[in-house]
Amino acid sequence: MSASTPGTRPTAAATDDPVVWTAPPRPPLARRATRWFRDLGWRYLVIAAALVFALFPAVWVLSAAFSPSGSIAAQTLIPDPISTINFEQLFATNFWRWFRNSMIVAGVTSIGSVFLCALAAYAYSRLRFQGRRMSLLALLLLQMLPQFLAIIALFLLMIGIGRYFPELGLNTLAGLIVIYLGGALGLNTWLMKGFFDTLPRDLDEAAHIDGASHAQVFFTLILPLAAPILAVVTLLSFIVAINDFIVQSVLLTDDSQYTLAVGLYRFIDEDYGARWGPFAAGALLAGLPITVLFLYLQRWLTSGLVAGAVKG
Amino acid sequence: MTVDQAPTPPTERRSTRRSMDRALRDGRHPLNRFADSLSGLLIKLALLGAVNGLGIAMVLRLVALDGPWWAIASTVATTLLLDWIYLGKTKLPLKYLIPGTLFLVVFQLFPFVYTFFIAFTNYGLGQILDQDQAIERIERGSIQALPDAPRFDAVPFADGDDLALKLTDPDGEVFLGTPDGITPVEDLDTVTDDDRLVEIDGYERLSLGAAQDRIDAFTELRIPVDEGEIELTSLSVATERAQTRFYDPDTGTLTDETTGTTYVPSERGRFVSEDGTETLSPGWRVVVGGENFVRAFTNEAIRGPFLRVLVWTYVFAAASTFGTFALGILLALTMNDARIKGRKLYRLAMIIPYALPTFMTALIWRGMMNRRFGVINDVLGVQIPWLNDPTWAQISVVLVNLWFGFPYMFLICTAALQSIPEDLYEAASVDGASGPSRFRRITLPLLLVATAPVLVATFAFNFNNFNVVYLLTGGNPPIAGAATPAGHTDLLITYTYRIAFESGGGQDFGLGATIAILTFVLVAVMSAISFRFIRPLEEINE
């Protein structure tokens, strides 16, 4: 068998190797090239095509950001000359304010969510009580029904709340945060419960016997041990909050309260052609930290999901 | 709380746990010593104190602003519930579940239920208030300067930032007017200098220059009087503006006293003049029963576009799921060869689309797909109307969503591929199976089993993929002849959003909520069916 079959372990191929590699005479160059292409070459071709597809928009926005003209029509692939005029134009808007707002909303949301989630996951992992199974299933169902399906009700609810508590109503970051906290429980609770389940119970039982209270066990034993999953869920909620557009666009009405998503959208939507360059500059500045964060995070993201899906 | 009635576990460890749980419930367990531990107790009391303080502050505010009784009642009930849970020793699971659940109930469950209510009303632009609020608005809006309105000589006074006017009415009587009302000056403490009043009740007379500097604040000053208000018309003259429309709670009608017209409340939540020619704004929301549902299914100008949107939502979600999965498998198989150099680097590069914030990249694609200036047409040397032609726009959103979604599927398929046992392939080889048949009979079925939950989740996610559609096309191009804002690329969720929040759609919350409810039902049915595929459910009793 040829060693090139997809899925064949290289070690398995080793037994065949002597046949392939030592057998003279070597085939002519053209045949070897064809064979190389059939084994490996096409793979490089597919990969190259995929890379162009995947990376081109990112490259294009990079080029737009440094283009000497803000107009979409005048952009070339290599900016000539490289210019920072788009950044200057961008900074004339409330960009940094939007950036700050997004960081506040996503920061508080992610820390709050992970805390609410960890509390619930602890109960599901360590305690047995009536309604446990039903409520766990309900959480999964709710996850399928995203909060923003009720966007009209959320909007009217916030108008109502704002009538008595303006600090929490429409056009406030706090209002946005409490709405996101409403969606904190869900798949993340499952993710965390799964992790808590892997922590040996003997540990908390030992601690209990030593006289630790359940709160002490939770705060001083479980939480530190669960640090990796806490980090993952924090970062995930952070990214979800940054990426949300629908709730933010309905709730926030003042330029000074806008987040990146709403601010940049309204900015470019007013004049698509002419504000392309400054928008690209903003996209670059806003996207970079999130992208880096995400790339750092991705291996946990998939390994967690697949571990649950594939095993057994 | 009682423990699950699970069959008694055979192992000794389990039974230890059960006895511990029981000990916990009865309060005999050593961990109840926590209540005796001083620092723990102090922290707990401080937190509970803060919660109660917040509860009291909220109730006070609601009472002060004349809030609805049920809001006050539920605030009190919630605060008491929290006290009961955290002061008791037996509600252990609730102590951990209630914080997240509280937010869940208020900001997710309640909005869902509320959406049902909205769907049975005519809630919308101009119908957003309840009837009392609408009456108040109409009455306040009817305040106007009458031809025979009294005029006052006015002199500006101020006490710090608080403004006041000394008002002299046509009869020569002198009042002090503040935002709280008017008071005869003779009832107040005054300071006179040279026969001029320089200070009344702590307010000092302003020089003309000083008053001029605060002219904006003075013109915004409203001094309420019976059924009207006084405002400045120039810096030295004020006029009384009077309310002209009055609500009569006995007859339930509204009367305009300048014209004598009587307005009667209609079933649609508006005051309409008796001859039916004139309608007052704003209206108020009324329950209209199933009217919105009837409209959605019978009114041709709504039903037609709605059904198109519904079908397209399924097509979009299916095409996106299938497309990303196919591309994901292709790439995973392609890269699944150890001889390829730099695999890690390629892998990292390929998940870039997944990592970039979607709200940005969707807008970037919109620029790249611009018909005249976009780089795609430029490079290809064509004039494809990517976002303007109905069919092309549908292709475009799927294509862009393919770009967003394939990296995730690629990662999932790569991981799943590596988990397929090697000996299966070896056995197949021995049996003489060819490459394609090994793929069809081993790789694909096993991949499908492993990724089924992910596929279901992807479908559900794309069913409601607001960002890609709204930011790329805005749902456009529009469907001809639609009575509501509806486009060829609209999903149910963007359609709901546009009906409710886009101008030109009449901001019809009632109809929007109706569409949202139908979406709930579709998604819920879908989830219920797909629950069978989701493996972690089997471990729920673990």
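Before the first stop, one term: a crossing of two helices is right-handed if the near helix is turned clockwise from the far one by less than a right angle, and left-handed if anticlockwise. Keep in mind, too, that this is a predicted model.

**Stop 1: a helix pair in chain A.** Select residues 95-126 of chain A, which is helix 5, and then residues 187-198, helix 9 of chain A. Their axes come within 8 Å and cross at roughly 55 degrees. Helix 5 and helix 9 of chain A are therefore oblique to each other, and the crossing is right-handed. To see who does the touching, show side chains: on helix 5 of chain A, pick out residues including Cys117(A), Ala121(A) and Tyr124(A), and on helix 9 of chain A, Met192(A) and Phe196(A) are among those in the contact. By class, this contact has eight nonpolar, four polar and two charged residues.

**Stop 2: an enclosed helix.** Stay in chain A and select residues 173-182, helix 8. Is this helix largely enclosed or largely open? Seven of its ten residues are buried, so helix 8 of chain A is largely enclosed by the rest of the structure. Among the buried ones are Leu176(A), Ile177(A) and Tyr180(A). Now bring up what the buried residues pack against: helix 5, helix 7 (151-164), helix 12 (227-243) and helix 13 (246-251) of chain A, together with helix 4 (92-119) of chain B.

**Stop 3: across to chain B.** Select helix 3 of chain A (residues 29-65) along with helix 9 of chain B (residues 300-335). Here the axes come within 9 Å and cross at roughly 135 degrees, and the crossing is left-handed. Zoom in on Arg43(A), Val46(A), Ile47(A) and Ala50(A) in helix 3 of chain A, which meet Leu331(B), Thr334(B) and Met335(B) in helix 9 of chain B. That contact divides into five nonpolar residues, one polar and one charged.

**Stop 4: a sheet in chain B.** Next, look for an open sheet of four strands in chain B, ordered 12-13-14-15 with antiparallel pairing. Strand 12 (245-248) and strand 15 (271-273) of chain B stand at the edges with a single partner strand each, so one side of each has no neighbour in the sheet. The twist averages 30 degrees from one strand to the next. Inside the sheet, two bridges join strand 13 (residues 253-256) to strand 14 (residues 262-265) of chain B, and Leu254(B) stands opposite Tyr263(B).

Conventions
Residues numbered from 1 in each chain as written. Chains lettered and ligands numbered in written order. Predicted model: local features only at pLDDT ≥ 70, side-chain atom pairs only at ≥ 80, totals over all residues. Axes fitted to C-alpha atoms, helices over the stretch in contact; angles between N-to-C directions. Parallel < 35°, antiparallel > 145°, perpendicular 65-115°, else oblique. Contact = placed C-beta atoms within 7 Å. Nonpolar A, V, L, I, M, F, W, Y, C, P; charged D, E, K, R; others polar. Buried ≥ 20, exposed ≤ 12 C-beta atoms within 10 Å, placed from the backbone. Pairing = 2+ DSSP bridges.
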